[in-house]
Amino acid sequence: MENQLGPVWVIAEQIDCRILPVSFQLVGQARILADRLKTSVETVLLGDQMDAQIHQLFAAGADRVYLGNAPELTYYQPEIYTEMIVRLAKAHRPEIMLIGSTSVGTELAPLVAARLHTGLTAHCIDLVLDDKKILEQKIPAYGGMISIICPEKRPQMATIASGVFPQPDLDENRTGEIVPLEIPAEIPHRIQTLEIVREEPDGIPLESAPIVVAGGAGAGDPEGWKIIADLSETLNAALGSTRPAVDEGWIELESMIGQSGKMVSPELYIGVGLSGELQHMVGIAGAKVMVAINNDAKAPIFEQVDYGIVDDCREFVPVLIEKIKEYQEKLVTC
Amino acid sequence: MFKIVVCVKAVPDPKEAHKIKIDPATKTLTRTDVPLVLNLLDKNAMELALQLKEQLDAHITVLSMGPPAAGNIVKECLALGGNQGFLLSDRAFGGADAYATAYTLAKGIEKIGAFDLIVCGMASSDGSTEWVGPEMAAFLKIPVVTRVNEIVETGKEWWKVKASLENGYRLMQVKLPAVFTVTRELNTPKSLSFSGIIKARKKEITEWNIHQLGVSEKTVGQKGSPTIVSDLATVDGKRTVELISGTREEKADQLVQKLAEAGVI
């Protein structure tokens, strides 16, 4: 008999006792991988008062849920969460471990990986099994796609953003096993999450906006950025960005679209003053109509959109705004 | 005295990094001669250290792992106000993933001696993993707070900091020694001053190779890395572009018309 491979794991995440969409997306993908590996899908869920939602993890494809259900686990607590996951992983030897690349996941994943002395790939945009059943973890880089593998160490660990994999179909008839977890007694208690504060985001959320305007380094300076923001406002769009625009300090990190930011699929995407690096473009691949405005005719973005305008965005966008306003006024008067 | 270690990375200049491409034929990188600069977010780490130096009379050690040319960015940090610099440089350290990098840096920190706080930028512009800070903390068996965007309280042992979260923050209480990885929102880095550059000329950078660091070849660089790059592939553009030409007015008119026809505005 062939040796049974270890399970495929998903570390689920909850906020205010609600499991995040990314966790279900990862369970769905874990199911696909596990079926190919002829193994099971197991989810670790740490939180409080989580009982009511566990059946959803089974419905999404999990066979077993390791459940830590206690008031101390309401917030992500780095030491306790890490210790519980590390112990469990040492006991059950998962083949693969998937974690959402949220703020919490992005801290927890490397803490677990280092303790398990294994590899970890950041912000994967695809996960496929090769002929030897090794997990190829795809990430965009250098204008192309690179595959990263962890050939020897286990588990093979990866973080993935929300929206990379679809929400799985839920099969409400599926059930599974719940394994309750104890909080380990010997925790050093050198770090504690005292409070988590969520603020209502300003403006239209990127993920649900029908129109997304994204700006990049080509804005040049804060005034140039304002022009792009004006275009976004005129179209009642959500304003997105690339890494360079965030690094320049023109806009918050939350607005970043792409591999290490948000995945969006609006009806209309307008990329302004950005070159079309794959790290950004993977985040808007699902857009229906795509437009690029950039002064460099050779920029890769012109191979990835439907309509292109080669022009200085700081000069062109104000003209475009006027034309859009004219069009909008005509719509109202009709 | 309060001791801070700032870990910094020399990265390809982001303004030119796009020139590094995958050659579709050879599946290798086209060029690697892009100049190295101090990673942007590490400037925020350095700024935090400098502010704490003023408040707490702290001593700042700057540490980097990289090729000999990375010595320049350590020098730059000394010119900003760092007290001493260390560069871990050896061919054997090459090709390290985040795990092996964090391990090597942790070994460097242990060899440098006692410390109260380690700070680094939350991510590097070339790798963007955010792994090195927390993995370093795991190897040093100390707590870490990632994405720190505000220092709320600096107590004797216990500090309070805010760390950025999606649409919010978490308030963390943490006992030093600890690792903080910092965001751009934490502070505004100051520029180099002429007097700083002059003073830095006298400051020594200690360079350690694999033997001086005292680690086994199997634990560092590519050999010490659990992950490897198995394939490089180019990606074809997925759409056929229609370039709109004419005067600015004409282009804007045409674009509005096309978007209206598509029913998306």
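## A buried tyrosine

A:Y76 is found in the loop between β5 (64-69) and α3 (78-92) of chain A; helices (H or I, at least four residues) and strands (E, at least two) are DSSP runs, numbered from the N terminus. The model is predicted, and local features need pLDDT of at least 70, side-chain atom pairs count only at pLDDT 80 or more, while totals for chains, interfaces and linings use all residues. Residues are numbered from 1 along each chain as its sequence is written, and chains are lettered from A and ligands numbered from 1 in the order in which they are written.

With 22 other C-beta atoms within 10 Å, A:Y76 is buried. A residue is buried if 20 or more other C-beta atoms lie within 10 Å of its own, exposed if 12 or fewer, and partly exposed in between, with C-beta atoms placed from the backbone. Leaving aside neighbours within four places in sequence, A:Y76 is in contact with A:Y81, A:V104 and A:T193; contact requires the C-beta atoms, placed from the backbone, to lie within 7 Å. From A:Y76 to A:P300 the separation is 224 residues in sequence and 40 Å in space, C-alpha to C-alpha.

## Chain A as a whole

Chain A has 8 helices and 18 strands. Its radius of gyration is 22 Å, close to the 20 Å that the globule rule gives for 334 residues, so chain A is as compact as a globular protein of that length. The radius is taken over C-alpha atoms, and the rule is 2.2 Å times the number of residues to the power 0.38.

The C-alpha trace of chain A spans about 65 × 45 × 40 Å along its principal axes. Of the 334 residues, 55% count as buried. Among contacts in chain A with a separation of 6 or more, 67% come from residues 24 or more positions apart.

An open sheet of 4 strands runs in the order β8(A)-β9(A)-β10(A)-β12(B), with antiparallel pairing; two strands pair if DSSP finds at least two bridges between them. The edge strands, each pairing on one side only, are β8 (126-129) of chain A and β12 of chain B.

Within chain A, β8(A) pairs with β9 (residues 135-141) over 4 bridges in the antiparallel sense, and A:L127 has A:Q137 in β9(A) as its bridge partner. Between the chains, 6 bridges join β10(A) to β12 (residues 228-234) of chain B, also antiparallel. Here A:I148 stands opposite B:V229 in β12(B).

## The interface

In total, 70 residues of chain A are in contact with 65 residues of chain B. Elements giving two or more residues to the chain A side include α4 (103-115), β10 (144-149) and α8 (313-333).

Terms used:
Contact = placed C-beta atoms within 7 Å.
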